Amino acid sequence: MDKKEEFLQKAQKAIDWIARYYENIERYPVKSQVSPGDIYQRLPDRMPEQGEEIDQMIRDLDADLLEGITHWQSPRFFAYFPANTSVPSMIAEMITAAIGAQCMKWETSPAAAELEEKVMNWLRLAIGLPADFEGVIQDSASTASLVALLTAREKFTGYQVNEWGLYQQKPFRIYASSEAHSSIERAVKAAGLGRVNLVKIEVDGDYRMKTDHLEQAIDQDQKEGYRPMAVVATLGTTGSTAVDPLSAIGRVTRQYGLWLHVDAAYAGSALILPQYRWMIDGIEYVDSFVFNPHKWLFTNFDASAYYVRDARALRATFQLIPEYLKTRTDEHVNNYSDWTIPLGRRFRALKLWFVLRYYGLEGLQQKIRFHLDLAGQFKHWVADHQHFELLAPVTLAVVAFRYHPGGSLSEEHLNRLNEQLMHRINQAGRIYLTHTKLNGKYTLRMVIGQTHVEKRHIEEAWQEITNQAGQLNN
Ligand SMILES: *Cc1c(COP(=O)(O)O)cnc(C)c1O
């Protein structure tokens, strides 16, 4: 059998598996029901001495691993934020794997660098960022936020920390709301800034940063000899998708000369709809901006879109060209490994190119609008039910709610009830939800954004939630 025949035959088996997987995906418990160690025990302790057939691996995938998979691509997945894929994205990932290029520099695959520049421009136009932003694909929003803080640190100190370390510096201060994502705290730790120097600003009743508190905190820090450095505004918090007031925050950062980073990991995708552009009122104050096409834009993890106003500062923070990486084109092209932490880079632009072309802007807008409509319907079901209540405004396609069977139950009791409810629902496996705490209240999050979700799925989800709640011992 020649190589081409062999590939076609084997790849066909994988394609068949994928088609069957999607055909059956709604039959599996959405959240894997295995216990710790279950899967590990099924697997041999050593690799095989002799090579095995792909057929065998596909059989064992079904027999040994499938039970331990949580089905993120099930339309009954309403947990966390989505991590979607789609037909064009899957196909592009396959081709990316086949090409197998390491796209660290322009010369290591010029098409990868130039396609990246192009699709990042397409995305920038699609979400309405101004033309003076330049984009680069990062692996995750967590990395992008770390990169933002490192760049802010270097620009702020004239690139002195890169050179000498932080030893000579008075403590810097970073500000984010108390609802900001945990990746911000991690970035502050990893950047050597010290967790205690992340100042968490109080939020208002709708979980948005209180700008007057921000200003007071900066002012006080300055008086006490700290060095206020950066503010991270969140568009679409993880708990309740609250949107921090960007222009009010921007006026403060401008006044005090601070870096303004925007974490729009989930919500950024909604900016493709003109009616959500209000979220970036104040974009003129922003230095860096990240959102995740790998969440709500039907593109496989990982693909995070990071935009900066001052790409030179970004490169100056990370660039370092040892002799073996010098090329004759360095002056004339984008070598994207200079724009981020790792040297090595996957060819991630290809899947974005496939997805953006396959759906087109209108197709993407239609899908996001559909999810927003479904969330609007779900919100009404919750609001109209006498034993459920909304716990936050529904800004995007996440409904934050809880079961409240009436009477004068303590907050503790309600927390316990809702925790039980969530575990019952997830154990039953028909849908999958996760929770957060808002204002001390155990909050269920219904996140509607899976690529293939339809109206019937949210109808069945609501049925399941109300049924399970009815079976609780209050
Ligand atoms: C999901 C999320 C992140 C983390 O995204 P990764 O790409 O997984 O690092 C950060 N911030 C917010 C607001 C998020 O929703």
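Q: Which side chain has an N or O atom 3.1 Å from an oxygen atom of the ligand?
A: This is a predicted model, and in it the side chain of His294 places an N or O atom 3.1 Å from a ligand oxygen.

Q: What is the corresponding distance for the side chain of Lys295?
A: An N or O atom of the Lys295 side chain is 2.8 Å from an oxygen atom of the ligand.

Q: And how much of the ligand does the protein bury?
A: The protein buries 88% of the 380 Å² that the ligand exposes when taken alone.

Q: Which elements give two or more residues to the shell around the ligand?
A: Those elements are α6 (141-156) and α11 (293-296).

Q: What about the backbone of Ala141?
A: One of its backbone N or O atoms lies 2.8 Å from an oxygen atom of the ligand.

Q: How many residues surround the ligand, and which are the closest?
A: The ligand is surrounded by 13 residues, of which Ala141, Ser142, Asp263, Asn292 and Lys295 are the closest.

Q: Where does Asn292 lie?
A: Asn292 is in the loop between β6 (288-291) and α11.

Q: Buried or exposed?
A: Asn292 has a relative accessible area of 2%, so it is buried, the cut-off being under 20%. Its side chain also makes a polar contact of 2.5 Å with the side chain of Ser304.

Q: Changing topic: what is the span of α14?
A: Helix α14 covers residues 411-428, 18 residues in number, and reaches 26 Å from its first C-alpha to its last. That is close to the 26 Å expected at 1.5 Å a residue.

Q: Which residues of α14 are buried?
A: They are Leu414, Asn415, Leu417, Asn418, Leu421, Met422, Ile425 and Asn426. These residues lie on the same side of α14 because they cover an arc of only 165 degrees around the axis.

Q: Why do residues three or four places apart point the same way in an α-helix?
A: An α-helix has 3.6 residues a turn, so residues at that spacing point the same way.

Q: Which exposed residues are on the face of α14 turned away from its buried side?
A: That face carries the exposed residues Glu412 and Gln427.

Notes
Residues numbered from 1 in each chain as written. Predicted model: local features only at pLDDT ≥ 70, side-chain atom pairs only at ≥ 80, totals over all residues. Heavy atoms only, no water. Near = heavy atom within 4 Å. Polar contact = N/O pair within 3.5 Å; in protein donor to acceptor, adjacent residues only side chain to side chain. Areas by Shrake-Rupley, 256 points an atom, 1.4 Å probe, with all protein chains shown as cover. Helix = DSSP H or I, 4+ residues; strand = E, 2+ residues; numbered from the N terminus. Expected span 1.5 Å × (residues − 1). Buried < 20%, exposed > 50% of the residue type's maximum accessible area, 1.4 Å probe, protein only. Arc of directions from axis to C-beta.
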